[in-house]
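Subject: Structure handover

Hi there,

Here is the structure I promised to pass on, with my notes below it.

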Amino acid sequence: MTKRITKEEHDKWLVKVLADQSNQRLFILEDLDASPCGQVRFSRADGDAWEIHFSMGAQFRGRKLGVQMIRAGLDVFLGKDQRSQIIAKVKKNNMASLRVLATAGFQIEGKCGSDDSETRLIYISK
Ligand SMILES: CC(C)(COP(=O)(O)OP(=O)(O)OC[C@H]1O[C@@H](n2cnc3c(N)ncnc32)[C@H](O)[C@@H]1OP(=O)(O)O)[C@@H](O)C(=O)NCCC(=O)NCCS
């Protein structure tokens, strides 16, 4: 089961993430007024593997922006270095994320998490 976290816990975690530049990369999607719409974060797993995390602001969902945001994040993060392996772990009932990742070029590898509650995917670059 997912544990609910408080705003204080989240803020503390975010400060730590932003400070950890060798293991975390955070990209913000902005609209033309420079207002934030969504975020893509790459978090080092092990070796050359990084885990992708993302979310779109509630008012921007359902407009097919998710896949564009993930593609842009992958382009910027990977740059010319295509060696990094990008993985994703998604709760198995999170259909929107599974769809977005499939469209962006991820393939399902298998199950993971406690009770196999998550689907593990890997990015296959074209
Ligand atoms: C996942 C997320 C970024 C998708 O962004 P989005 O811009 O709203 O996505 P889209 O509008 O492109 O929709 C993505 C696909 O999911 C489908 N979809 C959306 N909501 C759905 C739902 N509740 N059930 C089933 N499919 C759904 C859409 O039909 C679309 O499929 P298609 O490309 O085959 O037509 C957004 O929903 C989000 O921020 N969710 C909360 C955070 C989250 O789950 N992060 C991932 C953690 S691993």
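Glu-109 counts as exposed, because it has 12 C-beta neighbours inside 10 Å; the rule is that a residue is buried with 20 or more other C-beta atoms within 10 Å of its own, exposed with 12 or fewer, and partly exposed in between, with C-beta atoms placed from the backbone. This residue lies in strand β5. Leaving out residues up to four places away in sequence, Glu-109 touches Arg-120, Leu-121 and Ile-122, where contact requires C-beta atoms, placed from the backbone, to lie within 7 Å. Glu-109 and Ala-88 are 21 residues apart along the chain, and their C-alpha atoms are separated by 9.8 Å.

Two notes on conventions before the rest. This is a predicted model, in which local features need pLDDT of at least 70 and side-chain atom pairs count only at pLDDT 80 or more, while totals for chains, interfaces and linings use all residues. Residues are numbered from 1 along each chain as its sequence is written. As for the element names, helices (H or I, at least four residues) and strands (E, at least two) are DSSP runs, numbered from the N terminus.

The hairpins

Strand β5 (residues 106-112) pairs with strand β6 (residues 118-123) in the antiparallel sense, over six bridges; pairing means that DSSP finds at least two bridges between the strands. Within this pair, Ile-108 stands opposite Leu-121 in β6. Five residues separate the two strands of the hairpin, and Gly-113 in the turn has a positive phi of about 80°. Asp-116 is also in the loop between β5 and β6, and it has a positive phi of about 50° although it is not a glycine. With 11 C-beta neighbours inside 10 Å, Asp-116 is classed as exposed.

Another hairpin is made by β1 and β2, with five residues between the strands; here Ala-34 takes a positive phi near 65°. Strand β1 (residues 24-30) and strand β2 (residues 36-44) are antiparallel and share seven bridges. Glu-30 has Pro-36 of β2 opposite it.

The helices

Where are the buried residues of α2, and what covers them? They are Gly-66, Met-69, Ile-70, Gly-73 and Leu-74. Seen down the axis of α2, these buried residues fall within an arc of 135°, so they line one face of the helix; the arc is that of the directions from the helix axis to the C-beta atoms. An α-helix has 3.6 residues a turn, so residues three or four places apart point the same way. The cover over the buried residues of α2 includes β1, β2, β3, β4 (85-91), α3 and β6. On the face turned away from the buried side, α2 carries the exposed residues Asp-75 and Val-76.

The length of α2 checks out too: at 1.5 Å a residue its 14 residues should span 20 Å, and its end C-alpha atoms are 20 Å apart, which agrees. The expected span here is 1.5 Å times one less than the number of residues. After α2 comes Gly-79, with a positive phi near 50°. Lys-64 is not a glycine, yet its phi is positive at about 65°; it is exposed, with 9 other C-beta atoms within 10 Å.

Helix α1 (residues 7-19) has 13 residues, which should span 18 Å, and its end C-alpha atoms are 18 Å apart, in agreement. The number of buried residues in α1 is zero, so the helix lies largely in the open. One of its residues is Ala-19, which is exposed, with 8 other C-beta atoms within 10 Å.

The ligand

How many residues surround the ligand? There are 18, and the closest are Arg-61, Gly-66, Met-95, Ala-96 and Arg-99; a residue counts as near if its C-beta atom, placed from the backbone, lies within 6 Å of the molecule. The elements giving two or more residues to this shell are β3 (49-56), α2 (65-78) and α3 (95-104). α3 gives the most, with six residues. By class, the shell has eight nonpolar, six polar and four charged residues, with Ala, Val, Leu, Ile, Met, Phe, Trp, Tyr, Cys and Pro taken as nonpolar, Asp, Glu, Lys and Arg as charged, and the others, Gly among them, as polar.

Conventions. Contact = placed C-beta atoms within 7 Å.
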